[in-house]
Amino acid sequence: MYPRSTDMKLMLSRCLPSTRAVYEYWDSKRAGRRMPSRRDIDPIEMKPWLANMQLIDISHNPRRMVYRLVGELDVAFRGYNPTGRSVEECCVGMNVEESLKNFDIVITERTPLYDWADYLSKSGFLRSQEELLLPLSDDDETVNMVMTFAEVDTKK
């Protein structure tokens, strides 16, 4: 089974401190709404996490997901910058289908999603990675952007 959850209590019980901080920041910007809008998010306030973040524009009918901003750590991991390209074309994860399912859950259910997995690095060391996908909406109804944060646990 793919390791993912929309249960933020579970996420908070097992996540790294940086992932918790990003979630708590997003949660504080909701201001009683289901999800904040892009204009509620201040890049200056998010400076400690920007290298690990992505912003993905979401279009509907047909659905299209395009990388708007990709943090430098993700660019370095990929070996290229996917900005302006589709998620379907450039997503990273266990496989394309599961990565796209994560986005589908966040977009259709309008809820955050947390996933985690262990990966064998190129050097042969086991690394634990976790990712948080957070919906953004201008009208608190339709998700028009997804903000992601990924962190690798180097202590494992």
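Colleague: How far does helix 5 reach from its first C-alpha to its last?

Modeller: This is a predicted model: local features need pLDDT of at least 70, side-chain atom pairs count only at pLDDT 80 or more, and totals for chains, interfaces and linings use all residues. Residues are numbered from 1 along each chain as its sequence is written, and side-chain values use heavy atoms, without hydrogens and water. Helices (DSSP runs of H or I, at least four residues) and strands (E, at least two) are numbered from the N terminus. Helix 5 (residues 96-109) has 14 residues, and close to its expected span (1.5 Å times one less than its number of residues) of 20 Å, the helix reaches 20 Å.

Colleague: Which residues outside its sequence neighbourhood does Phe 103 contact?

Modeller: Contact means heavy atoms within 4.5 Å. Leaving aside neighbours within four places in sequence, Phe 103 touches Ile 56, Met 65, Val 87, Leu 133, Val 146 and Thr 148.

Colleague: What is the bridge partner of Leu 55 in strand 3?

Modeller: Strands pair if DSSP finds at least two bridges between them. Strand 2 (residues 53-59) and strand 3 (residues 64-70) run antiparallel, joined by 6 bridges. Their hairpin has 4 residues between the strands, with Asn 61 at a positive phi near 55 degrees. Across from Leu 55, the partner in strand 3 is Leu 69.
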